[in-house]
Amino acid sequence: MRKVLLLLFVLIYTNLTAQTNSYKVTMNGIADFKIGMKKAELEKLLNQTIKLKNLLGKDEWMMDTFEYKYKDLDVSVILNKRFIDDNKSDIILWAIMSSSPLVKTPSGIVIGDDKVKIITTYDGYRLLITPDYENDNTVKSKTKSSIYLYADDSSNQIVFRLENNKIYSIGVSEIEEYD
């Protein structure tokens with residue numbers, strides 16, 4: 001009887017641990033990383049100072065990209081400027097990406113899923129499927145592509161990066177607006 005109870009306890013613990021070790025990807029961001037959060041909020045979340053390279057220099061139109069380990073999740077964060085008016089701007093989290101098997105959309109899309117699963121899962125949503133480019137953006141890739149998922153009520157997008165039609169990275173970013 002004790003062995004059965006012990007086995008049952010181990011199974012329940014393993015199941016709970018597996019459920020808590022995934023990080024949700026939504027139109028707002030990944031886990032505690034929210035698109036649009038200010039640099040100071042991000043530094044507090046990461047418990048470290050972020051040293052900017054591009055956003056403070058002459059080429060201030062270039063974004064800053066950093067790699068971090070947050071708890072057990074590896075992420076890439078991209079910072080950009082959000083202009084408040086002609087003379088004032090904030091440094092914000094513009095995009096976040098991860099190739100970790102711990103990321104998961106609320107619909108159950110994970111690293112390793114295929115293109116067809118994305119399309120069937122998000123039937124009824126606006127999707128943009130596009131090939132990626134290689135060799136300094138001069139040659140259309142035969143193996144890599146991206147799927148952009150848009151929602152009607154969000155200024156953000158979920159981006160699925162694929163190689164050989166399998167997801168290798170999931171990210172969230174602001175939608176670029178062009179005038």
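This report describes the overall make-up of a predicted model of one protein chain and then turns to two of its residues.

The protein chain holds 3 helices and 11 strands, and along the sequence these elements follow the pattern α-β-β-β-α-β-β-β-β-α-β-β-β-β. Of the 179 residues in the protein chain, 37% are buried, while the chain as a whole exposes about 11,800 Å², of which carbon and sulfur atoms supply 51%. When contacts in the protein chain between residues at least 6 apart in sequence are considered, 43% of them join residues at least 24 apart.

Aspartate 64 belongs to strand 4, which spans residues 64–70. This aspartate is buried yet has no salt bridge, and the nearest side chain of opposite charge, that of lysine 53, is 6.4 Å away. The side chain of aspartate 64 does, however, reach two backbone nitrogens, as the table sets out.

| Backbone nitrogen | Distance from the side chain of aspartate 64 |
|---|---|
| Lysine 53 | 3.1 Å |
| Asparagine 54 | 2.9 Å |

Beyond its neighbours within four places in sequence, aspartate 64 is in contact with residues including Leu52, Leu55, Val77, Ile78 and Leu79.

Leucine 162 lies in strand 10, which covers residues 156–163, and is counted as buried because its relative accessible area is 0%. Although leucine 162 and aspartate 114 are 48 residues apart in sequence, their C-alpha atoms are 8.0 Å apart in space. Once neighbours within four places in sequence are left aside, the contacts of leucine 162 include Lys115, Ile118, Thr143, Ile147, Ile167 and Tyr168.

Key. Residues numbered from 1 in each chain as written. Predicted model: local features only at pLDDT ≥ 70, side-chain atom pairs only at ≥ 80, totals over all residues. Heavy atoms only, no water. Helix = DSSP H or I, 4+ residues; strand = E, 2+ residues; numbered from the N terminus. Buried < 20%, exposed > 50% of the residue type's maximum accessible area, 1.4 Å probe, protein only. Lys, Arg positive; Asp, Glu negative; His and termini not counted. Salt bridge = Lys/Arg side-chain N within 4 Å of Asp/Glu carboxyl O. Polar contact = N/O pair within 3.5 Å; in protein donor to acceptor, adjacent residues only side chain to side chain. Contact = heavy atoms within 4.5 Å. Areas by Shrake-Rupley, 256 points an atom, 1.4 Å probe, with all protein chains shown as cover.
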